[in-house]
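Colleague: I have a model open and would like to go through it with you. Could we start with the strands?

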Amino acid sequence: MRVFFGIVFLVLILILTVAAIFARHSSKSIGKTVCVLICTFLFPITGNLILVVSDNKILSEVGCYIYYIGMDILMYGLIRFTFEYCDMTWNSKLAKYFTYALLAIDIIQYGFNPFFRQAFETEKITVAGMPYYRLVPYMGQVYHRVVCYGVIFSLVVAYFMKIRRTPRIYAEKYVVIFISFIIGILWQTIMIFSRTPIDRSMIGFGIFAILVFYFSLFYKPRRLLDRMLSGIVSEMPDAMFFYDGSHRCIWANEPGKKLTGIEGNHFEMASKGLIEKFGEVKDRDADWNMNKALVSEEGVRYYAIEKRTVYDEKDRISGSFISIRDNTEEQRNLRAEIFNATHDALTGLYNREYLYERIKKQLEEHKKEKFIVAFLDVKGFKMVNDVFGTEFGDVAIKTIARWLRTNFTGKCIHGRLAGDTFGILIPANELDKKRMENELSNFIVKDKDKSYKLMIHVGIYEVNDIELDVSTMFDRARMPIATIKDDVRKHIAFYDDEMREMVIWDQKISQQALAAIDEKQIVPYLQPIVNREGRAVGAEALVRWNHPEYGLLSPERFVPVFERNGLIAEVDKYMWRSACEILSRWRRSGRDTFLSVNISPKDFYFMDVLGTLKKYVKDYGINPTRLRVEITESVFINDTEKRKKTIEELKEAGFIVEMDDFGSGYSSLNMLKEIPVDVLKIDMMFLRQSGDSEETSSRALKIVENIIHMTKDLNIESLTEGVESDAQYKALSEMGCRLFQGYYFTKPVTVEEFEQKYPKID
C-alpha cells in the first residue's frame, strides 16, 4: 500500500511539474502566478512522499520539515493566487505584512526544532509490516496549524464573498475553485485528527492544484458565454434570427419577433415573415448582405440586412444567423449630408461643382444627342439688394430657382453657379427661344408689398465637344451676354463662330506670348511727349507685337487677353526692362529724355512692382526720375491703402508717378484727393466728340481749363494726351498746360524713328 501511494505522489509531482512549465509560458497575465502556486504544492507533496516511502527516522524527519515548511510556502502561493484570481487588493499594508510575518515565524521556529523539539518529533510504528515514523505534535506544531488554518479560513471567506457579490453567470469559475478548496481542507483535517499513518490528503491537494491550473488558464465557461451572448443578443436593438444546419429558425430576439410578427416561441414562422417583408434570398448557404428600403405609413424606412454562416472545427455548417438593422436615421442623415454637399443651401438647386459633375455624366451617357449650355445672369442684382434688402434678394433668387424647376425638366439639369448666376444643360430640341424671351421680358419678383422686374440675360453655347471642360462651356455661354448690353428687348444671345474664333485667337496668342518676349517680337514703340516749344522732352513706351504671321499687332489685339489671363505681368516686366535699356543707352549718348511706362492693375497680383522697378533702374544704372510710371484709377479699386502705400514708396525711391486717363472715369477727383501723383494726364475725350453743339464744346473747354488750373494749385504737372489739332495745342497752351501728347505730333513710332525724328537736346 505504501508503494502504491508513493507511486501516486510521484505521478502527481511529475504532472504538477509539467503544469508549472506550461503555466510559466502561458500568454495569460495570471500564468506566472499559477506557476508559482503549483510549485508551492510540490513542497508538501514531496515531503509527504518521503514520509510514505521512508523507514528511516532521520529521513522521515526531513520529510516532515519539507512537508510543514512547504505548507507555509503553499499558504503564500494560495494568498497570491487568490488575490489575483479574484481581483482583490489588500485593505492595508499592515494586514499583508502581518500575515506574511506569521508564516515567516512558523518557518523560523521549524528551524529551531532539531535543537529544542518545541514543534514535533516522530515515533516509530509499523504499517504493512514495515517501520513508519509518524508525527508527534507539540506547541510549535499547534502554532503551525493555527496559522495555516487561519490563512485557509480567510481564503475560504474571500472566495465565498466573491461568489456572493458576483453575478451568477460569472460565479462559475470561482465556485469550482471554492468547492475544490473545501474538499481538500476537509480531507486534510480528517487525516490530521484521525491519526491515520499515511497522509492521503496530499492527493486532494494535488488534484486541487490541477483544477487551479485548468480553470485559470484553459477553462472556457460555456454557460457564462452562452448566457452572456443570449443576454447581449436579447438586448440588441437589431433584429436577430438564428438558424440550425437545416436552415430552420431556432431563436429570435424581441426586435426580430416584432419585425416578423412572431408570437410566442413559434420561431419557425420567421423565414416566412422575412420573405414577405424583404423578399427571398435564393443562395441560403452563402454569406451576403443587402440594403432594403420599405415604404410604410411613417414613410420610407431603410434596413441593412446581413447573413453569416457558422462553421464547426471540421469546417461543416453548424448554423447561421441573420441580423437586420433599422438604419433609417443614419440613411436620412447621410442623404442630408450628401444633399448639403451637392446642393445650394438657399435654392436647393445643384451647386456649381455638382452641376458640372452631373452635366459631364449626362453628356457622356447621351453622346448622340445635341445639348446646349445656358448661362443665366441677373443684371444689376446688387442694386436689388441695396434698394430692397437682402431678404428680398433671397426671394428673387428663390423665384428664379422655382422658374428653372418648372420650365426645365426631364433631361435638363440646372444649378446655381454663384450669387446671381445660374447654369442649365438643355437638350437642343427642347429649347423654345420665343417662349423664354416672353417669360424673361416680364420676370417680376413679388414679396408681400414689394415687387421688382428683374433683368435676366441668358447666354447660350451649343455643345459640340463633350470632352471640353464644363467650366469652359459656361465661360463660352457667358461671353455672348456682353453683346446684349442695354437692349431691354433682348434677353438671349448665342455663342457664334466669331466668338469661337476670338476664343481660339486668345488661346493661340497666349501660348505664343512668352516665346514672343524671348524672340523680341514684342517691342516698345515710343509716342513723344512735347513741351510748349514743340520739343520732345520724353516719350511713352507703348507695346507692339511684330507677329511673324499676322504682322504688326496693336495692343487692342492682345493686351486685353493678357489682362484676363495674367500674362500682362510678363509683358509689362519686359517693357520696363526695355525702357531701362533705352534710357541707359541714351544716358551714355548724352540724351536727357525720360520714358513713361504703364503699370497694369494685374501687375500687383503677380509680382513685387516696387522691387522689380528698383532692381531694373539699379541694374541699368539710370536715374529713377528718368523712368516715369503711369497708373490708372482702376489700380485702386481693391486694396486702396496698400496701393497708396506702394505709390508713396515709388515716389520715395525717386520715380515720378503719373495718373493716366484722367477724366475718362467716374471717381478721378476722389482718386486725385487720395493719391499723391506728380503728373496728371488729362484725357482729351472732352474735345474729341464730333457733332457736339457749340455750347457743349465751350463747357468741355472750361472743364479742361479748370483741371489745368487745379493741377497748378496742387503743384501737379499737367500733361494733355490725345491732342489731334493745332487749335487744341494752342488752346491748351494758353490754358497753362505744359506737356502734350497725341497724333498731332506723331503716332507711336519705333525707337530708331523716334531718335531720328527727335535728336538729342543739347
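This is a predicted model: local features need pLDDT of at least 70, side-chain atom pairs count only at pLDDT 80 or more; totals for chains, interfaces and linings use all residues.

Colleague: What holds paired strands together in general?

Modeller: Strands of a sheet pair through backbone hydrogen bonds, and the pairing may be parallel or antiparallel.

Colleague: What is the order of the strands in the sheet?

Modeller: The order is S9-S10-S8-S13-S14, which makes an open sheet of 5 strands with mixed pairing. At the edges are strand S9 (413–418) and strand S14 (492–494), each of which pairs on one side only. Neighbouring strands are turned against each other by 25° on average, with direction ignored.

Colleague: Which helices pack on this sheet?

Modeller: Helix H12, residues 352–365, packs on the sheet and touches S8, S9 and S10. The direction of H12 makes about 145° with that of S9. Helix H16, residues 470–478, also packs on the sheet, touching S8, S9, S10 and strand S13 (455–462). The direction of H16 makes about 60° with that of S8.

Colleague: Let us change topic to the hairpin. Which strands form it, and how many residues lie between them?

Modeller: S11 and S12 form the hairpin, with 2 residues between them. Lys-448, in the turn, has a positive phi of about 60°. Strand S11 covers residues 444–447 and strand S12 covers residues 450–453; they pair in the antiparallel sense over 4 bridges. Within this pairing, Val-445 stands opposite Tyr-452 in S12.

Colleague: Now the helices H2 and H3. At what angle do they pack?

Modeller: H2 (residues 31–53) and H3 (residues 57–85) pack at an angle of about 160°, and their axes are 7 Å apart. Angles over 145 degrees count as roughly antiparallel, so H2 and H3 are roughly antiparallel to each other. H2 passes H3 in a left-handed crossing.

Colleague: What residue classes make up that contact?

Modeller: The contact of H2 with H3 has 17 nonpolar, 8 polar and 2 charged residues.

Colleague: One last topic: how many salt bridges are there?

Modeller: The count comes to 28 salt bridges. One of them joins Glu-61 and Lys-57, with the closest N and O atoms 3.6 Å apart.

Colleague: Where do Glu-61 and Lys-57 lie?

Modeller: Both lie in helix H3, 4 residues apart, which is about one turn of the helix.

Notes. Residues are numbered from 1 along each chain as its sequence is written. Side-chain values use heavy atoms; hydrogens and water are left out. Axes are lines fitted to C-alpha atoms, for helices over the stretch in contact, and angles run from 0 to 180 degrees between N-to-C directions. Angles under 35 degrees count as roughly parallel, over 145 as roughly antiparallel, 65 to 115 as roughly perpendicular and the rest as oblique. A crossing is left-handed if the near helix is turned anticlockwise from the far one by less than a right angle, and right-handed if clockwise. Ala, Val, Leu, Ile, Met, Phe, Trp, Tyr, Cys and Pro count as nonpolar, Asp, Glu, Lys and Arg as charged, and the others, Gly among them, as polar. Two strands pair if DSSP finds at least two bridges between them. Contact means heavy atoms within 4.5 Å. A salt bridge is a side-chain nitrogen of Lys or Arg within 4 Å of a carboxyl oxygen of Asp or Glu.
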